[in-house]
Amino acid sequence: MNGLIIFYLLFPLSCLIETGVAAADKDGVYIVYMGAGKGYLENDYVQLLSSVSKGKKNAILRSYRHGFSGFAARLSEAEAQSIAQRPGVASVFPDPVFQLHTTRSWDFLKYQTDVEIDSNPTSDSSSSFNGSDTIIGIIDTGIWPESESFSDKDMGPILSRWKGTCVKGYNFNSSNCNRKLIGARFYGSEDDEIYQTPRDMIGHGTHVAATAAGAVVSSASYYGLAEGTAKGGSPGSRIAVYRVCSQNGCQGSSILAAFDDAIADGADVLSISLGSPSSFAPDLNKDPIAIGAFHAVENGITVVCSAGNDGPSSGTVVNTAPWILTVGATTIDRDFESDVVLGGNKAIKGEGINFANIGKDPVHPLIYAKSAKNTDSAEDEARNCKPGSMDKEKIKGNIILCDNEDGEYSDYEKKGEVQSLGGIGLILVDDKTKAVASTYKEFPMTVISSKDAAEILSYINSTKNPVATILPTTAVTKYKPAPAVAYFSARGPSSITRNILKPDIAAPGVDIIAAWMGNDTQETVKGKEPPLFNVLSGTSMACPHVSGIAAAVKSQNPTWSPSAIKSAIMTTASQTNNVKASITADSGAIATAYDYGAGEISATGPLQPGLVYETTAIDYINFLCYHGYDTSTIKVISATLPDGFTCPKDSSSDLISNINYPSIAVFNLAANQIRNVSRTLTNVGGDGATSYTPMLSLPHGLGVAVDPMELKFTGNGQRLSYQVVFNAPSPLDDVFGSITWTNGKFKVRTPFVVSSRSSKK
């Protein structure tokens with residue numbers, strides 16, 4: 001389970017293709033999506049299947065009937081193609097397999113916020129933020145119900161509107177649920193007994209659930225490191241878990257079933273820390289997450305998804321449908337430091353979690369891995385500690401300095417190789433992963449920068465008998481600068497359409513401590529009990545931070561739509577770090593909206609945003625038109641289509657810029673062309689009559705005009721619109737700026753990107 005301890009990478013395309021995906025002469029599992037069609041019965045699905053295939057028994061594996069309609073079945077490719085042509089069928093596609101993409105993080109967010117909040121905005125703020133009247137659904141690997149993070153101490157009765165249940169499964173009974181954990185379901189293969197349960201056998205879902213809504217737990221730590229009070233973003237919220245993942249991944253048909261049940265159960269927020277790899281981003285009508293999220297949002301549920309871990313390359317962000325709140329990952333102001341001490345007591349800063357004890361004094365021989373090359377290997381292989389490239393006699397008893405430039409083997413594989421050859425410590429050189437603390441248990445290992453590696457190499461080359469030691473980890477708090485965008489966090493623009501700016505927001509996703517399954521002996525430090533809390537990194541960890549805040553906003557504003565909640569989160573985000581400078585990317589460059597969307601989420605700002613952008617059902621329907629879907633398909637997909645609706649005749653991807661989104665993306669802007677974009681804001685500040693004026697932050701070479709230059713609201717709930725006019729005298733690469741509306745009390749920031757590039761990938 002080492003790969004889970006550090007961060008959850010979206011796995012390669014080859015792993016996405018399920019063994020059941022159909023070849024021409026072989027049945028596979030297909031999803032038949034029938035949109036928002038109501039009134040379908042199981043027999044209707046059987047009849048549809050019988051119309052293309054005679055004599056198939058038990059072909060239907062799963063059916064959907066609450067929030068949307070359809071089924072998953074074993075079909076041949078020809079049968080799937082035939083069903084796709086039938087009336088009422090929106091799409092048919094192979095069942096994909098997706099993969100999984102703290103105590104201090106919440107305190108850091110609280111102190112980072114630069115938004116001043118009234119102590120009593122509408123009701124008692126502490127009870128509102130507690131969120132006991134909200135329900136967060138976690139679609140993930142399940143839950144470890146015995147964790148203290150899921151205690152129901154001092155919680156009131158379960159909400160009467162809750163329609164869900166706790167399903168009995170392997171090593172899990174309905175009694176494992178309580179007033180905190182109010183729902184638990186599972187979906188999986190019938191021949192895999194250990195996963196026929198809501199119980200978490202991987203750990204990821206437990207960690208995510210605790211980050212979103214874990215109860216307050218004092219003295220939480222990872223084997224004594226970073227001890228503090230653990231709590232979720234909305235510690236009073238109820239939790240419902242939907243286990244869709246096993247060690248083999250997360251089945252698309254199971255993900256859709258979880259959405260279908262969550263809609264019927266009555267969840268308020270859905271937190272989804274999984275998705276496809278960026279190299280295989282399915283179109284919207286063949287993406288189980290996009291489909292399920294569309295219908296969840298139609299039913300008033302806010303859907304929060306991780307952006308993926310394929311960064312820092314451009315265009316790697318996933319889960320980018322406009323009705324999804326897409327979350328990137330940032331660092332926090334805590335650092336897990338494991339230093340190297342050279343002869344002469346020169347200390348070199350390292351990053352990693354180890355509980356080694358080889359002494360504080362630098363007395364152990366230190367060598368560069370290249371010098372331990374065996375006769376059959378190249379120097380590049382040896383200096384990168386490639387398995388099989390080093391001489392055991394030269395490694396034994398030494399601390400090894402090892403490069404990590406090959407990308408062929410993980411740090412764990414290199415650690416294992418050095419250990420197997422008798423090495424007593426490993427110093428890995430990696431500028432990217434240095435910002436993320438990997439867990440090496442009791443083995444002395446740390447990660448350093450290439451700049452510091454040059455100093456160590458100079459010491460080795462200039463010293464007859466170089467020596468060193470590696471110190472056990474200490475947790476450093478108030479680390480500066482923070483936050484920074486994590487190197488692995490997936491980047492924009494969206495591969496679906498560049499005219500929606502993604503990701504939407506960023507949140508803590510590096511070195512996050514949260515609850516863990518209680519029987520994980522594989523990750524137990526020697527001589528210790530299994531950890532009750534664990535340290536993980538990934539956009540998987542960032543997502544539940546946002547889910548928790550979304551639940552808190554919903555608790556305080558129960559009538560708000562998912563888009564209003566999204567807007568409140570985005571428009572109150574911060575772009576500055578804890579040294580009052582601009583947030584940077586992993587490279588040190590100033591971050592852009594492609595790195596972090598609107599910025600770093602505020603823990604309190606979304607509770608009082610002042611104004612919100614409400615993206616309506618018609619906005620989403622128009623988006624589908626502009627994206628290329630015809631009216632007949634949209635009529636199948638949407639339950640909220642007005643009578644007589646037809647797609648605009650002039651539908652084009654450029655019009656996507658005009659849906660009422662909290663950010664703006666404009667592409668295909670030719671030289672000297674003028675492009676108008678409109679937006680509508682709703683007054684939710686509670687002050688009645690108030691006026692807002694815009695502040696513009698503009699990039700070089702772009703002309704921007706806002707009309708009108710003042711929005712005069714006369715009452716709460718009033719909607720007012722404005723236009724933004726963009727023009728450029730010459731072609732532009734992607735440039736970034738923002739429009740911030742303020743009335744002196746609230747600041748409502750809208751980021752934008754403008755480019756002369758095509759809006760299509």
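Strand 31 (residues 674–683) and strand 35 pair in the antiparallel sense over nine bridges. Strands here are DSSP E runs of at least two residues, helices are H or I runs of at least four, and both are numbered from the N terminus. Two strands count as paired if DSSP finds at least two bridges between them. Ser 678 has Gln 723 in strand 35 as its bridge partner. Strand 33 (residues 703–707) also runs antiparallel to strand 35, joined by five bridges.

The model is predicted: local features need pLDDT of at least 70, side-chain atom pairs count only at pLDDT 80 or more, and totals for chains, interfaces and linings use all residues. Residues are numbered from 1 along each chain as its sequence is written, and side-chain values use heavy atoms, with hydrogens and water left out.

Which residues of strand 35 (residues 719–727) point to the buried face? Leu 720, Tyr 722, Val 724 and Phe 726 do. Buried means under 20% relative accessible area, exposed means over 50%, and partly exposed lies in between (1.4 Å probe, protein chains only). In a regular strand the side chains alternate between the two faces of the sheet.

Seven strands form an open sheet with parallel pairing, in the order 7-10-6-13-15-16-26. Strand 7 (181–186) and strand 26 (505–508) stand at the edges. Each has a single partner strand, so one side of each lacks a neighbour in the sheet. Neighbouring strands are turned by 25° against each other on average, direction ignored.

Within this sheet, strand 6 (residues 135–140) and strand 13 (residues 269–272) pair in the parallel sense over four bridges. Ile 139 stands opposite Ile 272 in strand 13. Helix 7 lies across strand 6, strand 10 (238–243) and strand 13, running at about 160° to strand 6. Helix 15 (residues 562–571) packs on the sheet too, touching strand 15 (302–306), strand 16 (325–330) and strand 26. The direction of helix 15 makes about 25° with that of strand 16. Contact means heavy atoms within 4.5 Å. Axes are lines fitted to C-alpha atoms, for helices over the stretch in contact, and angles run from 0 to 180 degrees between N-to-C directions.

The unreviewed UniProt entry annotates Asp 140, His 204 and Ser 540 as "active site". These residues are spread over 401 residues of sequence, yet cluster in space, with a largest C-alpha distance of 10.0 Å. UniProt positions follow the numbering used here, feature names are shortened, and annotations may be inferred rather than shown by experiment. His 204 is in helix 7 (residues 204–213). His 204 counts as buried because its relative accessibility is 0%. Ser 540 belongs to helix 14 (residues 539–556). Ser 540 is also at 0% relative accessibility, so Ser 540 counts as buried.

The axes of helix 7 and helix 14 come within 7 Å and cross at roughly 35°. Which residues of helix 7 and helix 14 meet? From helix 7 come His 204, His 207, Val 208, Thr 211 and Ala 212. From helix 14 come Ser 540, Met 541, Pro 544, His 545, Ser 547 and Gly 548. The residues of this contact divide into four nonpolar, seven polar and no charged. Ala, Val, Leu, Ile, Met, Phe, Trp, Tyr, Cys and Pro count as nonpolar, Asp, Glu, Lys and Arg as charged, and the others, Gly among them, as polar.

A second open sheet has seven strands in the order 19-18-24-20-21-22-23, with mixed pairing. Strand 19 (346–348) and strand 23 (445–448) are the edge strands, each pairing on one side only. The twist averages 30° from one strand to the next. Strand 20 (residues 364–368) and strand 21 (residues 399–403) run parallel, joined by three bridges. Leu 366 stands opposite Ile 399 in strand 21.

Helix 12 (residues 411–420) lies across strand 21, strand 22 (425–429) and strand 23, at about 145° to strand 22.

## Helix 17

Eight of the eleven residues of helix 17 (residues 617–627) are buried, so helix 17 is largely enclosed by the rest of the structure. Among them are Tyr 620, Phe 623 and Leu 624. The buried residues pack against helix 9 (288–298), helix 15 and helix 18 (631–637). Just after helix 17, Gly 628 takes a positive phi of about 120°.
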